Amino acid sequence: SITTKGYVWEAPLNQKRAIDIEVEFYDSKGSADLSVSLDGKGEIPIAKDMAISTSKRLPLKIPFSLCEHTTTNFKYSLRTLPRFREMRVIVKTRNGRAKLRSVNINAIVMPV
């Protein structure tokens with residue numbers, strides 16, 4: 001499992017409204033679950049059984065490599081989440097391996 005740092009958007013005391021999240025996997029195999037934790041509370045599931053495998057197989061052998069490593073991106077809306085001050089992203093795999101290349105979260109910082 002992978003748990004990110006707490007995202008606060010340079011405003012640790014302000015409430016935020018989440019818009020969306022995008023995660024990118026690199027050189028990964030298997031499937032993964034994506035969830036978030038708001039203000040250190042329990043996990044809120046966002047996606048289950050994401051197919052994070054980045055290797056591509058062709059039906060026949062070719063004399064060259066198309067690409068050694070590929071990436072897989074997923075984007076989900078977070079607009080239904082309640083307001084929060086800090087968000088952590090949690091990725092868990094039951095089989096395979098996950099290499100998380102990037103996490104991008106868009107949120108609106110509310111005035112104090």
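## Getting oriented

Two strands pair if DSSP finds at least two bridges between them. Keep that in mind here, since the model, which is a predicted one, has 7 strands and 0 helices in its protein chain. Read from the N terminus, the elements simply go β-β-β-β-β-β-β.

The chain has 112 residues, and 35% of them are buried. Its accessible surface is about 7300 Å², and carbon and sulfur atoms hold 51% of that. Now look at contacts with a separation of 6 or more: 80% of these involve residues 24 or more positions apart.

## An open sheet of three strands

Start with the open sheet, whose 3 strands sit in the order β5-β2-β7 with antiparallel pairing. The edges belong to β5 (71–77) and β7; each has a single partner strand, so one side of each has no neighbour in the sheet. On average, neighbouring strands in this sheet are turned by 15° against each other, ignoring direction.

Zoom in on β2 and β7, and you'll find 9 bridges joining this antiparallel pair.

## Pairs built on β6

Strand β6 has pairings of its own. With β3, it pairs in the antiparallel sense over 10 bridges. Here serine 31 stands opposite asparagine 95 in β6.

Strand β1, covering residues 2–3, also pairs with β6 in the antiparallel sense, over 2 bridges. To find the spot, look for threonine 3, which faces isoleucine 90 of β6 across the pairing.

In soluble globular proteins, nonpolar side chains tend to be buried together. In this model, the largest nonpolar core has 21 residues, and the members touching the most others are Ile21, Leu34, Met50, Met87, Val89 and Ile105. At least two residues of this core come from each of β2 (16–26), β3 (29–38), β4 (43–51), β6 (87–97) and β7 (100–109).

Which residues does isoleucine 21 contact, leaving aside its neighbours within four places in sequence? The list runs through Leu34, Phe74, Lys75, Tyr76, Leu78, Val89, Val103, Asn104 and Ile105. Among these partners of isoleucine 21, Leu34, Val89 and Ile105 also belong to the group of core members that touch the most others.

Definitions and conventions:
Residues numbered from 1 in each chain as written. Predicted model: local features only at pLDDT ≥ 70, side-chain atom pairs only at ≥ 80, totals over all residues. Heavy atoms only, no water. Helix = DSSP H or I, 4+ residues; strand = E, 2+ residues; numbered from the N terminus. Buried < 20%, exposed > 50% of the residue type's maximum accessible area, 1.4 Å probe, protein only. Contact = heavy atoms within 4.5 Å. Areas by Shrake-Rupley, 256 points an atom, 1.4 Å probe, with all protein chains shown as cover. Core = buried A, V, L, I, M, F, W, Y, C linked by side-chain atoms within 4.5 Å. Axes fitted to C-alpha atoms, helices over the stretch in contact; angles between N-to-C directions.
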